Amino acid sequence: MDEVNEERRGAWVSVMACGGWEGSVDSNQLEARLRAGLDADRRYTAENAAKLRAIHSAPTYDEFRQLVLGAHLKPLDRNDKSKVRPSIWNSLASSATKKASKPPPQDTENSVYPTDVQYDVNNPPTTTEGLVQLWERLDLAERLDLLRNLSPLATERLAGGLVAGGLLGDAITTLLAFTPTVSDVVMVVNMLQALTLAKRFTLSVTLVCGEERWAWGRLLEKLQLALSERPQDLAELNVTEWTLAQLKLKFNL
């Protein structure tokens with residue numbers, strides 16, 4: 001009861017802080033706004049708690065995001081399990097998953113690049129526009145496969161297009177899913193270096209949000225761990241502690 005009363009007092013303060021009411025008080029309006037305030041407080045608390053748990057338990061950004069999106073879900077009681085119908089466990093998260101076979105709808109008026117560019121996963125385009133279009137239509141695993149097979153020039157073009165299109169954070173979260181092999185470490189480092197060479201990179205770094213900053217921290221940790229396990233092999237491919245230190249300095253996240 002004390003917890004409920006405390007929530008009501010908090011919601012009342014929030015309502016009054018938003019401007020209060022002028023003239024006579026409408027009890028229905030007051031109750032509706034109080035309920036809305038309570039719901040918003042509960043959702044914020046649940047999502048914040050999920051983020052704190054996920055930071056220490058989620059090995060990848062994708063799993064971190066899934067945990068946060070599922071913060072509003074509650075476990076079923078025993079009596080409810082027999083009534084459950086087959087359904088997607090988290091429609092909010094599932095609807096956000098990108099599928100190459102079903103490209104997401106795009107805002108043709110505000111899109112940085114034209115939407116009529118042809119693309120083929122097995123034969124990627126060579127232009128910046130085409131590469132970015134292809135990137136946006138692929139899921140996480142397919143993006144990594146694309147990066148593994150791109151030439152240095154194509155990597156630079158893709159990196160430039162992602163930065164220009166405001167997708168720097170998207171690139172970071174994708175790279176976080178790399179496997180700790182020598183070839184993948186080199187691929188990630190090459191892509192990060194290409195991103196730093198793109199126009200407007202410095203400005204884009206300042207726009208990276210909190211969750212993407214978290215992803216950058218985890219990405220750097222994975223790279224450092226991989227380097228500690230295969231220092232000689234990676235040094236022969238020009239990936240050293242100095243390389244990572246320079247990337248950390250340039251990204252400044």
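**View 1. Two aromatic pairs turn up in this structure.** Rings of Phe, Tyr and Trp (its six-membered ring) count as a pair if their centres lie within 6.5 Å; planes under 30 degrees apart are stacked, over 60 edge-to-face, and the rest tilted. Here Phe 201 and Phe 251 sit edge-to-face, 5.1 Å centre to centre with 85 degrees between the planes. That pair joins distant parts of the chain, with Phe 201 in helix H11 and Phe 251 in helix H14, 50 residues apart. Helices here are DSSP runs (H or I, at least four residues), numbered from the N terminus.

A quick note before the next view: this is a predicted model, where local features need pLDDT of at least 70 and side-chain atom pairs count only at pLDDT 80 or more, while totals for chains, interfaces and linings use all residues. Residues are numbered from 1 along each chain as its sequence is written, and side-chain values use heavy atoms, leaving out hydrogens and water.

**View 2. Phe 251 also pairs with Trp 216, and both are buried.** Buried means under 20% relative accessible area, exposed over 50%, and partly exposed in between (1.4 Å probe, protein chains only). Phe 251 counts as buried because its relative accessibility is 0%. The Trp 216 and Phe 251 rings have centres 4.3 Å apart and planes at 20 degrees, so this pair is stacked. Trp 216 lies in helix H12 and Phe 251 in helix H14, so the pair ties together parts 35 residues apart in sequence. Phe 201, at 5%, is buried too. Ring pairs link Phe 201, Trp 216 and Phe 251 into a cluster.

**View 3. Seven residues touch the most other members of the largest nonpolar core: Leu 158, Leu 168, Leu 192, Leu 195, Leu 219, Leu 223 and Phe 251.** This core has 48 residues; a nonpolar core is a set of buried Ala, Val, Leu, Ile, Met, Phe, Trp, Tyr and Cys residues joined through side-chain atoms within 4.5 Å. Helices supplying at least two residues each include H8 (152–164), H10 (182–197) and H12 (210–229). H10 gives the largest share, ten residues.

**View 4. Leu 219 has contacts with Ile 172, Leu 175, Leu 176, Phe 178, Val 188 and Leu 192.** That list leaves aside neighbours within four places in sequence, and contact means heavy atoms within 4.5 Å. For Phe 178, there's also Lys 222 lying over the face of the ring, 4.4 Å from the ring centre. (A charge sits over a ring if NZ of Lys or CZ of Arg is within 6 Å of the ring centre and within 35 degrees of the ring normal.)

View 5. Skipping residues up to four places away in sequence, Leu 247 touches Val 189, Leu 192, Gln 193, Thr 196 and Trp 216. The C-alpha atoms of Leu 247 and Leu 192 are 7.4 Å apart, though the two are 55 residues apart along the chain.

**View 6. Arg 200 and Asn 238 each sit in a loop.** Arg 200, between H10 and H11, has a positive phi of about 65 degrees although it isn't a glycine. At 53%, Arg 200 is exposed. Asn 238, between H13 (231–235) and H14, has a phi near 65 degrees, also positive without being a glycine. Asn 238 is exposed at 63%.
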